[in-house]
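Welcome! Take a moment to look over the sequence and the 3D view before reading on. The notes below are meant to be followed with the structure open beside you.

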Amino acid sequence: MSEPLLKIRNLWIEGRSDETWNPIINGVDLDLNRGEVVGLIGESGAGKSTIGLASMGFTRDGVRISEGSVVFDGVDLVTASAADKRALLGKRIAYVAQSAAASFNPAHKLMDQHTEGPVQHSVSSKAESTEDGIELYRRLRLPNPEEIGFRYPHQVSGGQLQRAMTAMAMACRPDLIIFDEPTTALDVTTQIEVLASIRDIVEQFDTAAIYITHDLAVVAQMADKIKVLLKGDEVEESDTRTMLSAPKEEYTKSLWAVRSFERPAKPSVITGATPVVSVKTVTAAYGTTDVLHDVSFDIHEGRTVAVVGESGSGKSTTARCITGLLPPRIGHIEFDGMQLPLDYRRRDKMQLRQAQMIYQMADTALNPRKTIGETIGRPVEFYLRLKGKEKRAKVDALLAEIELEPTEYFNRLPSELSGGQKQRIGIARALAAEPKFIICDEVTSALDQLVAEGILKLLAKLQDQLGLSYMFITHDLATVRAISDEVVVMKDGKVVEQGEKAEMFQPPHHPYTDLLLSSVPEMDPDWLDDLLKERGVDNIGDAAVDKM
Amino acid sequence: MQRLLLGLVTLFVVSIIIFVAVNALPGDFAEAILGQGATPEAVNAIREQLGLNQNAVTRYFSWLAGAIRGDLGVPLSQALFAGNFGTTAVGTDVTTVVDQIIPRLKNTLFLAGVSAAISVPLAVTLGVLTALYRNTAFDKSMNVTTLSAISSPEFFIAYILILFLAVLNPVFPSLSNIFPGMEFSERLTRTMLPALTLTLAVTAQMMRMTRAAIINLLASPYIEMARLKGLSPMRVIVKHALPNALAPIITVIALNLAFLVTGVVVVEVVFVYPGIGQLFVDSVKIRDIPVVQACCLIFAAVYILLNLTADILSIISNPRLRHPK
C-alpha cells in the first residue's frame with residue numbers, strides 16, 4: 001500500500017493554564033489515505049479540534065505541539081517553517097470551521113474571500129476563480145449561485161454560509177479538508193442539505209477529509225472510519241460499520257447508549273382541568289413585523305410541553321411573550337386561569353415568581369463575578385425574603401437538590417465549574433423562587449450528550465418531586481422524545497401541529513413535522529443515502545440539480 | 001439626521017454652559033482694563049456702555065441670537081477704543097469678533113491639518129506594525145516611546161524639540177510667526193515644530209487604539225480562518241483585521257483631531273503661533289468676553305462636528321449597517 005497522505009505519529013499537545021503546561025493530546029496516531037474520510041468523535045474537551053488543527057500544523061494561542069510528527073505528503077508540519085506551512089495551507093489542506101457565520105470576515109463579500117486563496121497561492125486568476133466559485137456554489141446547491149457570492153456574510157443564512165465555506169475550502173482543490181463540526185450550529189433540516197453537499201463534493205474530487213463532530217449519527221453518514229477520543233486519548237478506531245455494530249470499549253458503548261433515555265409516559269390530562277399556563281391567541285411583533293401569529297397552547301400541571309422548530313420559528317419569542325419581556329400585540333397569557341398583565345413590569349412579585357427561566361448558555365447567564373452561593377442566594381432573598389442562616393440553609397438545600405455538594409460548591413465562581421455544573425446552577429437559581437412553571441430554553445443544546453442526559457434526568461426527577469410544569473424549547477427531536485409529554489411544532493411563527501408525544505411520533509404527520517422527524521440523523525450508515533433516494537435529490541437543495 | 005439634531009441640541013446646551021462659566025469668571029472687563037485704582041463710577045460707566053450691567057439672561061439671548069446669524073458681537077477691546085476717544089468715525093474700522101477670529105482659526109486649522117497629516121498615517125501604520133510584531137522588542141520600544149511622549153507635558157516636548165531642531169541643529173525656526181500672504185513652503189517650515197509637538201502628543205493614543213483594536217480581533221474565528229488559508233501575517237492584519245477594527249480607531253482619531261484644534265493653547269503660546277489658542281489666552285487675560293465665548297463655541301462645534309463625522313464614518317465602515325439584509 002502506498003504511503004498515506006497524512007501520517008500523524010505519537011502526537012503530544014500541551015495547553016498552558018496558570019503558567020504550567022498541561023497535556024491536551026497524549027500520543028495520538030492517525031493515518032489518512034487519499035480520498036478517505038476519517039471521523040473524529042468525542043465529547044467537548046476530548047481534543048478533536050486540537051487534532052484537526054494540528055493536522056494543519058496549526059495550534060491556537062497558548063497551545064503547543066510538544067512531541068510527535070504530522071507528516072503531510074512527505075512534509076513534517078511540526079518542524080516546517082511558517083512560510084512552508086503557509087504554502088500548503090489553503091492550497092493543499094483546507095479548513096471548514098464550526099461556525100461559518102463567525103468564520104467569514106464580515107467586512108468582505110463571500111466571493112472576495114473565496115478567491116483570496118487561489119489568487120494568493122497563484123493557483124488561478126481572480127476571474128477564473130470567481131467562475132469556479134460560481135460553479136462550486138451550483139454544485140453545492142446554493143440558491144442563486146451566480147449572485148450569492150456577491151453578498152456580505154450577514155446577508156446569507158447559516159446553512160448557506162456553511163456550504164459557501166465548503167466551497168471556499170474547495171477553491172484550490174486541496175488534497176485534504178478538515179471539517180470541524182460543520183453542521184453543529186445548524187437546524188436538522190438544514191443539516192441534511194449541508195451533509196449531502198459536503199459528501200457529494202468530497203466524493204467528486206476524491207478529497208481526503210477529517211470530519212470532527214460529537215454527533216455519532218452524523219459521523220456515521222460521512223466517514224469511512226471512525227476514531228473515538230476521550231480526554232486526549234484514543235479510545236478505539238475502526239471502520240464505520242464495525243464501530244457502529246460492534247463497539248469494543250465501554251466508553252464507546254456508553255456514547256451509543258445515550259440516545260436511549262426516555263422517561264415513562266404520564267397519564268393524560270384530565271379534561272376540564274385548568275392549565276398552569278395558557279397561551280391564548282398570541283400575536284407578537286418586533287417593531288412593525290409580526291413574528292408570532294395566533295399562537296395558542298396549554299401547559300398542564302406536572303407536564304412537559306416541548307416547543308420544537310427551526311431557528312427563527314418563534315420558539316424563544318413565545319417564551320418572551322409568556323415571561324412578559326415582549327408584550328403580545330394581540331392575545332394574552334393566563335396563569336392558573338388568571339390573566340397576567342402583558343408587560344412583566346406590571347406583574348407583581350408573586351406572578352413573577354411563578355414562572356422562571358433556564359437559559360441555553362449557562363456560561364453567559366451566570367454572573368462571572370458572583371459565587372454560586374450569591375447567585376442562588378439572590379432569588380432566595382428576593383422572592384422568599386430569607387436572610388442569614390435561613391437563606392444559607394435554603395441555598396444548601398437547593399444545591400443538594402441539583403446533586404452538587406453544598407460545602408464544596410457554595411463559594412466557587414462560575415469559572416470553576418464545568419458546562420453541565422453551570423447548567424445545574426441555572427436550574428437551582430430557577431428553583432430558588434419555588435416556581436410552578438419553568439421555561440427551559442435549549443438548556444441542553446450546548447452540552448455533550450452524556451452531560452445533557454444528566455440534566456434531562458435531573459429535570460425529570462425535579463418534576464416528579466415538585467410537580468413542576470416545563471415548557472421545553474428545543475430543536476433536537478431526541479430531547480423531545482426523551483422528556484416531553486406534549487409537543488408543539490412551530491414554523492414561521494405559527495403552530496403547525498400539536499398533541500401528545502405518542503401521537504406526534506406516529507404518522508400521519510403534518511408535512512413539516514414529517515420533514516423534521518425524517519431529518520434527524522440515525523445511527524445507520526446508509527440512512528442518508530436512503531433518505532436522499534426517498535426524497536429525490538431535487539428536494540434537498542433549493543437550487544438547480546447538479547449540472548455536471 | 002437624528003444625529004445632526006442631537007449635535008445641535010448638544011451645541012445649544014454647551015452654549016449655555018459656556019455663557020454661565022465665562023460670566024462666573026471673577027472680575028470683568030471694566031475692572032480688568034481700569035486697574036485697581038479705578039473709581040466705582042468709572043467702572044459703572046464702562047459697564048453701562050458695554051451693556052455689562054444688563055441681566056445675564058437678556059445678555060445670553062441677545063448673544064445667542066447674534067451667534068445664530070453669524071454675528072458674534074464686537075470685541076470689548078475694540079468697542080472700548082471707539083467709546084473712549086469719542087471717535088465714532090473709527091467705528092467703520094471696528095473689527096467684529098468674527099473678523100478677529102477667522103484668520104486665527106484658519107491658522108489653527110492649518111496647524112491641525114499638518115499635524116493630522118503626519119500623525120494619523122503614522123499612528124495607524126505603527127499600530128498595524130506593533131500588532132503584527134506584538135510582544136517583540138519593536139512593539140515594546142514603540143509603546144515606551146509613544147507613552148513617554150504622551151506623558152510629558154507639551155511645553156516640555158516643545159522646548160526639547162526647539163533645543164534639538166532649532167538651536168543645536170537649526171532645521172526649523174523656533175518661532176512660528178506666520179502671516180497672510182506667506183509662501184506655502186515657508187508656512188509649512190515654520191509650522192513644522194508646533195506640528196511635530198502635537199504629533200507626539202496625539203500619536204500614542206491613536207497607535208495604541210489601533211494596536212488594541214486589531215489584537216482584540218486576532219482571536220476571532222475569521223482571523224483564524226484567514227491564517228488557515230495560508231495568508232501572510234501582514235495580509236491577515238491589513239485585509240482581515242483592520243477593516244473590522246475601523247470603528248473604534250475612527251472614534252479615537254476624531255477625538256484626537258478635535259484635540260488638535262482645541263488643545264493647542266499651550267503649543268501656540270510656546271511657539272508664538274498666531275492661532276485661535278493664543279487669541280483665546282489673550283482674551284481671557286483682559287476679560288474680553290465676546291471673544292472668549294466665541295472661541296469656546298467654536299471649540300465645542302469642532303468637537304461635536306468631528307464626533308458626528310466619526311459616527312457617520314463608523315457606520316459607513318460597517319457593511320452590516322451599509323447593506324441591511
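Predicted model: local features only at pLDDT ≥ 70, side-chain atom pairs only at ≥ 80, totals over all residues.

Chain A is assigned two domains, domain 1 (6-259) and domain 2 (277-519). Chain B is likewise assigned domain 1 (2-92) and domain 2 (105-322).

**The two domains of chain A**

- Taken over C-alpha atoms, the centres of domain 1 of chain A and domain 2 of chain A lie 34 Å apart.
- Where these domains meet, domain 1 of chain A contributes twelve residues and domain 2 of chain A contributes eleven residues.
- On the domain 1 side, the elements that give two or more residues are α8 (188-204) and α11 (250-257) of chain A.
- The largest share of that side comes from α8(A), with four residues.
- Sorted by class, this side of domain 1 of chain A holds four nonpolar, five polar and three charged residues.

**Where chain A meets chain B**

- The contact between the chains involves 24 residues of chain A and 17 residues of chain B.
- On the chain A side, two or more residues each come from α2 (82-88), α3 (100-103) and α4 (110-120) of chain A.
- The chain A side is made up of twelve nonpolar, nine polar and three charged residues.

**Chain B as a whole**

- If you trace chain B, you will find 15 helices and zero strands.
- Of the 325 residues in chain B, 37% are buried.
- Among contacts in chain B with a separation of 6 or more, 73% are between residues 24 or more positions apart.

**A strand to look at: β13 of chain A**

- Strand β13 (residues 304-308) of chain A has five of its five residues buried, so the rest of the structure largely encloses it.
- In a regular strand, side chains alternate between the two faces of the sheet.
- Both faces of β13(A) are covered, with Thr304(A), Ala306(A) and Val308(A) buried on one side and Val305(A) and Val307(A) buried on the other.
- One partner of β13(A) is strand β18 (residues 469-474) of chain A, paired in the parallel sense over five bridges.
- Within that pairing, Thr304(A) has Tyr470(A) in β18(A) as its bridge partner.
- Strand β19 (residues 486-491) of chain A also runs parallel to β13(A), joined to it by four bridges.
- There, Ala306(A) stands opposite Val487(A) in β19(A).

**A residue to look at: Val281 of chain B**

- Val281(B) sits in helix α13 (residues 276-285) of chain B.
- Leaving out residues up to four places away in sequence, Val281(B) touches Val265(B) and Val269(B).
- Glu268(B) is 13 residues from Val281(B) in sequence, with 10.0 Å between their C-alpha atoms.

Terms used
Residues numbered from 1 in each chain as written. Chains lettered and ligands numbered in written order. Domains from an automatic or database assignment. Contact = placed C-beta atoms within 7 Å. Nonpolar A, V, L, I, M, F, W, Y, C, P; charged D, E, K, R; others polar. Buried ≥ 20, exposed ≤ 12 C-beta atoms within 10 Å, placed from the backbone. Pairing = 2+ DSSP bridges.
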